[in-house]
Amino acid sequence: MSKIVGLLVGRENTFPGPFIETVNRKGAAQGVSAELAVLGGTRELELPRYRVIVDRISHEVPYYRAHLKSAALMGTVVVNDPFWWEADEKFFECTLARMLGVAVPKTVVLPNKSYISDINDQSLRNLKYPLDWDDILSYVGLPAILKPNTGGGWKDVYRVDSKQDLLWAYDQSGGLSPGHRPKTMILQEFIKWEDYIRCICIGRTNILPIRYDPTAPFADRYVVSRPVDGELRDRAVHDARALVDALGYDMDTVEFAVRDGTLYAIDFLNPAPDFDSFSIKEDNFNWVLEKMSDLVIAYANGTALPPWRGEHRWWKHVRT
Ligand SMILES: Nc1ncnc2c1ncn2[C@@H]1O[C@H](COP(=O)(O)OP(=O)(O)OP(=O)(O)O)[C@@H](O)[C@H]1O
Ligand SMILES: [Mg+2]
């Protein structure tokens with residue numbers, strides 16, 4: 001396999017060109033090059049064209065995911081691990097964070113509000129019904145956040161201030177509108193924050209904390225005029241590193257709400273994080289280009305191995 005890095009992208013426009021140029025410039029002397037990946041109709045034992053694929057969109061294009069799993073088995077390094085990304089969920093991550101000693105809001109995962117039509121009462125005999133909403137609310141408190149167990153883009157994220165609000169929002173998750181599938185939701189203590197930080201995390205050790213204002217319009221949320229420094233920065237770096245290292249994500253963002261000086265991890269399931277120059281701003285964008293290009297060049301050269309290589313049982317039965 002020649003040392004080609006392929007990039008899979010969705011609608012984003014500012015990251016792909018500069019990323020490919022940076023890898024081509026820095027990798028040329030070592031024979032590493034980058035291009036937009038071109039895929040279609042993969043065969044089982046097809047020799048992969050790419051030694052590394054940076055995957056920014058397989059959560060939306062299932063064929064890419066299928067290709068990436070097979071390509072990984074055939075020796076391609078995929079950023080991020082397609083097997084783990086597919087399995088990961090926000091509720092699992094909350095339990096993991098607690099076990100790692102990272103603060104998270106009190107969280108409960110809820111049974112779906114409804115199901116596709118073939119599922120009936122017989123199928124649901126293991127479910128407690130009705131749910132004890134008062135008990136659930138006595139744990140997480142009010143206000144609370146109801147949001148999907150997997151998902152992004154602030155879709156179906158509800159702040160609820162009363163039991164009535166909660167039941168209304170929960171009903172919305174049942175796929176009421178045409179084309180919407182029922183979703184599994186988590187209910188979470190609302191953290192009344194005094195400060196907010198987002199960390200861009202690359203290669204599991206490079207952590208860039210940036211002040212973030214979730215109340216601003218999308219393009220103004222990354223606040224570069226007030227850098228995160230001192231002890232707050234140290235703690236953000238420490239906790240973000242603990243999370244991405246355990247999860248094995250080479251590309252992620254980890255978001256913290258700060259309340260009474262404690263950093264609560266709010267969302268760290270972002271394996272295709274926003275890299276657009278207009279939202280993360282120029283200096284952070286340049287940092288991303290440097291760290292991402294170093295990462296993929298090391299993978300392409302074989303001087304680094306992805307953390308998940310060899311982790312599944314079937315690796316032992318094949319030779320790559
Ligand atoms: N427990 C919470 N307490 C306070 N605010 C919260 C909480 N959960 C979510 N939020 C707010 O809602 C926003 C969206 O939530 P979250 O990040 O979990 O959803 P998402 O769809 O994954 O978003 P993104 O696309 O930005 O990753 C957060 O940026 C935060 O401002
Ligand atoms: Mg997210």
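Reader: In which loop is aspartate 260 found?

Author: Aspartate 260 is found in the loop between β12 and β13. The model is a predicted one, in which local features need pLDDT of at least 70, side-chain atom pairs count only at pLDDT 80 or more, and totals for chains, interfaces and linings use all residues. Residues are numbered from 1 along each chain as its sequence is written, while chains are lettered from A and ligands numbered from 1 in the order in which they are written.

Strands are DSSP runs of E with at least two residues, and helices are runs of H or I with at least four, both numbered from the N terminus. Aspartate 260 has a phi near 50°, a positive value in a residue other than glycine. Most residues other than glycine have a negative phi, and most peptide bonds are trans. Aspartate 260 is exposed, with 8 other C-beta atoms within 10 Å. On this scale, with C-beta atoms placed from the backbone, a residue is buried if 20 or more other C-beta atoms lie within 10 Å of its own, exposed if 12 or fewer, and partly exposed in between.

β12 (251–259) and β13 (262–267) each supply at least two residues of the shell around ligand 1, as do β6 (144–148) and β8 (185–189). A residue belongs near the ligand if its C-beta atom, placed from the backbone, lies within 6 Å of it. There are 19 residues around ligand 1, and Pro105, Gly152, Ile191, Pro214 and Asp267 come nearest. The shell divides into nine nonpolar, five polar and five charged residues; here Ala, Val, Leu, Ile, Met, Phe, Trp, Tyr, Cys and Pro count as nonpolar, Asp, Glu, Lys and Arg as charged, and the others, Gly among them, as polar. Domain 2 (106–189) and domain 3 (192–270) both give residues to this shell, so ligand 1 lies between them. The domain bounds come from an automatic or database domain assignment, which also has a domain 1 (4–85 + 300–317).

Alanine 265 touches Ala97, Val102, Ala103, Val104, Asp239, Leu243, Val254 and Phe256, not counting residues up to four places away in sequence; two residues are in contact if their C-beta atoms, placed from the backbone, lie within 7 Å.

Tryptophan 154 lies in the loop between β6 and β7 (158–160), and its phi is near 60°, a positive value in a residue other than glycine. Tryptophan 154 is exposed, with 10 other C-beta atoms within 10 Å.

Of its 320 residues, 34% count as buried. The C-alpha trace spans about 65 × 50 × 35 Å along its principal axes.
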